[in-house]
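Hi everyone, thanks for making time today. Let me put the model up on the screen, and then we'll walk through a few packing details together.

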Amino acid sequence: MKDEAVRIAAAAVLGIVAAGGNLLGGYFVVRKDWPQRFLQYFLALGAGYMLAVGFVEIIPESVSLSGQAAFFWVLGGFFLIHLFEHTIAPHFHFGEETHEAEFAHHNVRRTAILGLAMHTFFDGVAIAAGFLVSAWLGWVIFVAVFLHKLPEGFTVASLVLASGQGKASALRAAAALGVATLAGVALTSLFREQLRYALPLAGGVTVYVAATDLLPEVNRRPDWKAAVLVFLGVAILLILKHLSGV
C-alpha cells in the first residue's frame, strides 16, 4: 500500500513536470526563439520512442492485466482519438500554424484547442496508469509524454496567435493543456481500480498520436536527420530496457 502511494505521488509530480512542458512549448512560440528544425527533431524522436513504448511496454502490460480483451481497449483508445480529431477538432496539426483565416472563427479555434486537450488528458492517464503498474513503466511513459509536450504547447500557442489572439491568450491555452494532463493523472489515480481499462486505452492513444499525428509531420519535411531520430527514439527505449534488465 505504501509503495502504491509513493508511485501515485511520483505520477503527480511528473504530471506537473509534463504540464510544464506544455507551457514551455507555448513560451517558445511567444518568444519566437526556438528554431523550427528543433520542433521537427522533437517530433521525430518522440514518434519513435512513443511507438516503441506503446508496442513494447504498454500493450504487453495491458494484456497481462486483462488478457486478450486488452486489444479491444487499445483499439478503442486508437479510434477514440481518430473520431475526435476528424469530427470535433479536424483543423489542427502538430507544428506551427500559419493559416490565420482558418482559425479566425472562435469555434474553430476552440475545437482545435479541445482536440489537443483530449491528447493531453490521455497523457496524464498514461503517466498515472504506468506508475500504478510499476515505477519502470511510469518512467518510460513519462519520457514518451514529455518528448511531445513541447510540440503540443508550441502547436496550441501557434494556432492561438494565428487566430489573432495575443501572447497572453497563447500562454493561457498552453497552460490549459497542462491542466488537462493533471486532470488525467488525478482521475486515473482516483479510479485506479479501473487500471485494466485505463492502461490499454492510453496505449491506443499513444500509438495513434505517434503514428498518425507525429510521424506524418516528420515526413512532410524530408530531412535525413529527422528520419534517423525516429530510429534513435526506438533505440533509446530498447537500450534502457536492456540496461534495466526489466
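Predicted model: local features only at pLDDT ≥ 70, side-chain atom pairs only at ≥ 80, totals over all residues.

Residues are numbered from 1 along each chain as its sequence is written, and side-chain values use heavy atoms, with hydrogens and water left out.

Helices here are DSSP runs of H or I, at least four residues, numbered from the N terminus. The axes of helix 3 (residues 69–87) and helix 7 come within 7 Å and cross at roughly 50°; axes are lines fitted to C-alpha atoms over the stretch in contact, with angles from 0 to 180 degrees between N-to-C directions.

Contact means heavy atoms within 4.5 Å. Among the residues making this one are W73 and F78 of helix 3 and Y197 and L201 of helix 7.

Now, T206, which sits in helix 7 (residues 195–220). T206 is buried, at a relative accessible area of 10%; the cut-off is under 20%, with a 1.4 Å probe and protein chains only. Not counting residues up to four places away in sequence, T206 touches M50 and I58.

I58 also turns up with I141: leaving aside neighbours within four places in sequence, I141 is in contact with V53, I58, A126, I127 and G130. Thanks, folks!

Technical notes. Helix = DSSP H or I, 4+ residues; strand = E, 2+ residues; numbered from the N terminus. Buried < 20%, exposed > 50% of the residue type's maximum accessible area, 1.4 Å probe, protein only.
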